[in-house]
Amino acid sequence: MIAIVAVDNEFGIGCENDLLYSIPEDMQFFKEKTMNKVVVMGYATLISLPNSKPLKNRTNIVLVKEQDVKIEGATVVHSIEELLEETEKYSKDDVFVMGGGQVYAQLLPFCHKAFITKIKGMKKADTFFPNIDQMSNWKIATASEEKQHEEFTFTFNTYVNDCVKT
């Protein structure tokens, strides 16, 4: 699995179920990486999407605690174990974890790679990505040149995990 996320200086990713930043180049990066692939998300992340609908042209897997929830256009799973079993049907390079905070925290140990857009700045956040820079098993493999959108400077970073749980 691969985590894909945009974070600020404090690894903030969202506030009140909305993204902190909307940077077109980052949105395009996300689309290019995930198109025709598998995206994994929690229920709150699904609700935050346009029209609260699964993403088009992707296989959507949604982790939901409630047993009776049905989501048209998505596979619903109710536990991390069930989610991991479902993702075994796909190549590890085709499964992208896209949030939210609790889903990232639970699945990051199973990810072999992470695409992290780092935005220099800090906004009020109530949802965070684990601080991967403080984890000894994660290393930056590549980092782009700094890019600019309005007042924000950002970089695209690829991290690799030295010890993925299988």
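Is Lys-147 buried, partly exposed or exposed? I looked it up: Lys-147 is partly exposed, because its relative accessible area is 28%, and the classes are buried under 20%, exposed over 50% and partly exposed in between (1.4 Å probe, protein chains only).

Ground rules, before I go on. This is a predicted model, where local features need pLDDT of at least 70 and side-chain atom pairs count only at pLDDT 80 or more, while totals for chains, interfaces and linings use all residues. Residues are numbered from 1 along each chain as its sequence is written, and side-chain values use heavy atoms, with hydrogens and water left out.

**Entry: Lys-147.** I found Lys-147 in strand β11 (residues 147–149); strands (E, at least two residues) and helices (H or I, at least four) are DSSP runs, numbered from the N terminus. Setting aside neighbours within four places in sequence, I listed its contacts (heavy atoms within 4.5 Å): Glu-25, Phe-152, Thr-153, Phe-154 and Phe-156. With Glu-25 there is also a side-chain polar contact of 3.3 Å. That term means a pair of N or O atoms within 3.5 Å; within protein, one must be able to donate a hydrogen and the other to accept it, and residues adjacent in sequence count only if both atoms are side-chain atoms.

**Entry: Thr-45.** I then went to helix α2 (residues 43–48), where Thr-45 sits. Thr-45 counts as buried because its relative accessibility is 12%. A polar atom of its side chain lies 2.8 Å from the backbone nitrogen of Gly-100. Gly-100 also turns up among the contacts of Thr-45, along with Asn-17, Met-98 and Gly-99, leaving aside neighbours within four places in sequence.

**Entry: strand β2.** I checked who pairs with β2 (pairing needs at least two bridges found by DSSP). Strand β2 (residues 12–15) runs antiparallel to β9 (residues 127–128), with two bridges, and Gly-12 stands opposite Phe-128. β2 also pairs antiparallel with β3 (residues 18–19) over two bridges, where Cys-15 has Asp-18 as its bridge partner. β2 and β3 make a hairpin with two residues between them, and Glu-16 in the turn has a positive phi of about 50°.

**Entry: cores.** A nonpolar core is a set of buried Ala, Val, Leu, Ile, Met, Phe, Trp, Tyr and Cys residues joined through side-chain atoms within 4.5 Å. The largest has 27 residues, and Leu-107, Ile-116, Phe-129 and Ile-132 touch the most other members. A second, separate core of 26 residues includes Val-39, Leu-49, Phe-96 and Met-98.
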